[in-house]
Amino acid sequence: MSYDAQLRRRIEELIRERDAYAEALMTSNSAFMEKVKEFSIIKRMGESMRWNLDQQKLVTEFVGIVIDETLAENCSLWLVDRVEQRLVLAAAQGQDDPQPVFLANRGMDGTYLRLGQGAAGWVAKHGQSLLIEDVSTDRRFIQLESEISNQIKSLLCLPIFGEKHVIGVFNMSHPNIGAFSQENARVLQLITDQAGLALTNYFLVETIRDFNKKLEHTVLERTRTLRQSEERYTLAAEAGRVGVWDWNLESDELYIAPNLKAILGYGEDEIENHMAAWTNMIHPDDRPRFRYELQRHLDGVTHRLECEYRMVHRDGTTIWFSVRGRVNRDSCGKPVRVVGSNTDTTKRKRMEERLTYSAYHDELTGLPNRALFIDRLKHSLGCASRRKDYRFAILFLDLDHFKIINDSLGHHFGDLLLRQVTRRLEACVRPGDTVARFGGDEFAILLDQIANLAVAEEMASVILERLQQVFELEGHEVFTCSSIGIAFPASGKETPEELLRDADIALYRAKKMGRARFEVFDKSLHLEVLSRLELEHDLRLALKQDEIDVHYQPIVDLRSGKLSGFEALARWHHPLRGLVPPDEFIPIAEETGLITPISKFILARACDDIVKWQKDFPEIGPLTISVNLSTKQFLEGNLIEQVRHVLGESGLPAERLKLEITESLLMEELDMVKLVLGQLRSMNVKLMLDDFGTGYSSLSYLHRFPLNTVKIDASFVRNMHLAEENLAIVRAIKMLAIALNMEVVAEGIETLEQVRQLRALKCEYGQGYYFSKPKSGREIEVLLNQSPGWNSTFERN
Ligand SMILES: Nc1nc2c(ncn2[C@@H]2O[C@H](COP(=O)(O)O[C@H]3[C@@H](O)[C@H](n4cnc5c(=O)[nH]c(N)nc54)O[C@@H]3COP(=O)(O)O)[C@@H](O)[C@H]2O)c(=O)[nH]1
């Protein structure tokens, strides 16, 4: 071969070698570049994964990496929710979202795909990657609008694997057909592998976090439960304080747990180890019972030894033990050993004692209550029924006007008063007598073993005298007194209830007789009560049977002697008893509530009558009608409507109606009374204070209420000419009335002398038998027919 040929071949070889080398260099360079790229992806993913326990950051960075490092124009990352069998859209980036956006959190609402639904759903379900080069021609997996938009022509979906299953899907798309090829599969595989790793780690950490939280919660719960049970245990140990004992009957050796000895204040060696030593420490009252129960158990009568006894602590106090034990017998049935426990039940016993105490005592005063009183009363009745010479008495008392003190000074002072009354009563009685409080201001005293009734009467006098003395209540001087009813059983055959009822009846009588006194129950009182009950029954029927009527007493203008009006007075025509005076039936009506219908009837009838008379006798001029209001009726609440209704029905002008109220009403609920009186006044109804001077309110109350008239009580008028004092009182009332711009009616006028004196004092109106007794409606019509006038009589000598 020629040199040239050889040279040419060599050159050709060199060229080939050079090309091969160049190609090899290019290949290794692109491999190198690929390695560099892979390395940078791994580095970037590694950085985002390291300590990144924030799901939002993790998923958004992954889609960011896909967009940056691959051909994909759009990328979404879906996470698989195995519980709900669906995919949740976690993050996306692409043509609509240039920056990666976080779209859903675990547990939050977001966009979902069912497993198997759409391309991503298919990949998640089958765990295989999916490449669609042209979505317009391959519609197998395209179900979502977003997947068939114009911006998406090709699609690549890759599964992200966790430890076992697909945990997510990268869904990548491109606006060009066939944009994805297997070329960048390595890079994408790398990304999905890294993402799988990162997400697995994240879920693991999440699970650990959840687990820790649950654990913490459980630990907290357990700690709490433990603490509670510890507390319970401590309480149980404290409250129960149990100790065992073991008694060998053959040797009489008694083992007693050291803590039982400690409970009694003794050291381990300080109590001898035999039964007699222990038994001797039991309270003497309980010892026989313990011995009895022990013997019964040893004899086989009881299954178990059960007993409670007191033992004396070293310091002298009492410890209660609840004892339980069981005997062991030998083969012949002979008791050889008793093993048991003692539980310190002192706290429970004390509690029981306290409960028993409060069940039988009044909390405020510490006195026995009704239940304990009746218990003692039963005991006394038992003694009286056995022994002829055994006598006892019950005193039943309440404080006069306690309600007023309580309401005006307040309940604190009421309580103070009740406590002081208690101490005084206790100081009056003898040891062995029982003072009890039944509630409110009601007290009962059981005088046991007395010689005769005079002892009880003497005691009642002493009590009345003591309770009349001033009470000092935190700087306030308060006076009260009491009424007392005495029951002195004759036979001992009465029941406690009967005796209390008798004492109550006697008390009622004492009050009726004027208070601050005592009365002894006797049979006539009982009959009186029965008669009252009968009256009460009849009164219930009286209205229906038309037995209630209205009488009218003229009221005269003392200046002119002319008729000014009438006072309406209730009358009851009883079919058997005849006329029952209002003094008798009005209180019963008040107590039974019958006063309301009765008062309504009287008000309506009186208004109708006066309107009728005005029409029939127009020459007489305007007349007023005074109607008594009872306190009950006033406080009932619908008085205003009642009055408005009656005025409307009768046509009587409001200013001609005078409502008479008593001083005691003004002592009731002040605000309410003021309000109702104010309303009546604003209706133009006139208000009159009846029986002025007999009550307790007196002058200080007058200016507080919108009253028009005061009615001077008959007791002052009656004796004006006899006692200078009474005349002075009437004069003072008139002066006061002038000062308060009120008119005066003097009631109970029976003589011309009284008329003259009242005229001299410038009293405006008068009422009394001197002018006329109360008359029936028909009689009043006769009177009106005679054009009544009394002026001429004023001038007589
Ligand atoms: N809540 C209601 N109370 C009423 C009503 N009707 C009467 N009463 C009250 O009963 C009390 C006794 O009333 P009565 O027996 O009718 O006695 C009145 C007059 O007859 C009597 N009076 C009048 N003048 C004289 C007199 O010169 N001498 C004398 N011995 N008695 C006289 O006074 C009674 C009127 O009293 P007052 O009401 O205080 O003006 C009595 O308290 C009635 O208020 C009723 O419907 N509702």
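Residues are numbered from 1 along each chain as its sequence is written, and side-chain values use heavy atoms, with hydrogens and water left out. Because the model is predicted, local features need pLDDT of at least 70 and side-chain atom pairs count only at pLDDT 80 or more, while totals for chains, interfaces and linings use all residues.

**Overall composition**

The protein has 26 helices and 29 strands. These elements are DSSP runs numbered from the N terminus (helices: H or I, at least four residues; strands: E, at least two). Of the 797 residues in the protein, 46% are buried; buried means under 20% relative accessible area, exposed over 50%, and partly exposed in between, with a 1.4 Å probe and protein chains only. Among contacts with a separation of 6 or more, 62% are accounted for by residues 24 or more positions apart. A contact means heavy atoms within 4.5 Å.

**A five-stranded sheet**

An open sheet is formed by five strands in the order β9-β8-β12-β11-β10, with antiparallel pairing. Two strands pair if DSSP finds at least two bridges between them. β9 (253–256) and β10 (305–312) stand at the edges with a single partner strand each, so one side of each has no neighbour in the sheet. On average, neighbouring strands of this sheet are turned by 25° against each other, direction ignored. Axes here are lines fitted to C-alpha atoms, for helices over the stretch in contact, and angles run from 0 to 180 degrees between N-to-C directions.

Helix α8 (residues 346–360) lies across β10, β11 and β12, running at about 125° to β11.

**Strand β7 and its partners**

Nine of the nine residues of β7 (residues 166–174) are buried, so this strand is largely enclosed by the rest of the structure. A hairpin joins β6 to β7 through four residues. In β7, V169 is the bridge partner of W78, and V166 is that of F161.

| Strand | Partner | Bridges |
|---|---|---|
| β1 (residues 74–81) | β7 | six bridges |
| β6 (residues 154–161) | β7 | eight bridges |
| β11 (residues 318–329) | β12 (residues 335–344) | nine bridges |

**Nonpolar cores**

A nonpolar core is a set of buried Ala, Val, Leu, Ile, Met, Phe, Trp, Tyr and Cys residues joined through side-chain atoms within 4.5 Å. The largest has 83 residues, and F566, L657 and L680 have the most contacts inside it. Helix α16 (residues 595–616) gives the most to this core, with nine residues. Leaving aside residues up to four places away in sequence, L657 touches L603, C607, I625, V627, V643, L647, L652, V685 and K686. A second, separate core of 32 residues includes L399, L417, I445 and L473.

**The α14 and α15 pair**

Helix α14 (residues 523–542) and helix α15 (residues 582–592) pack at an angle of about 75°, with their axes 10 Å apart. That angle makes α14 roughly perpendicular to α15, a term that covers 65 to 115 degrees. The contact involves R532, L535, E536, L539 and R540 of α14, together with E584, F585, I588, A589, E591 and T592 of α15.

Definitions and conventions: Angles under 35 degrees count as roughly parallel, over 145 as roughly antiparallel, 65 to 115 as roughly perpendicular and the rest as oblique.
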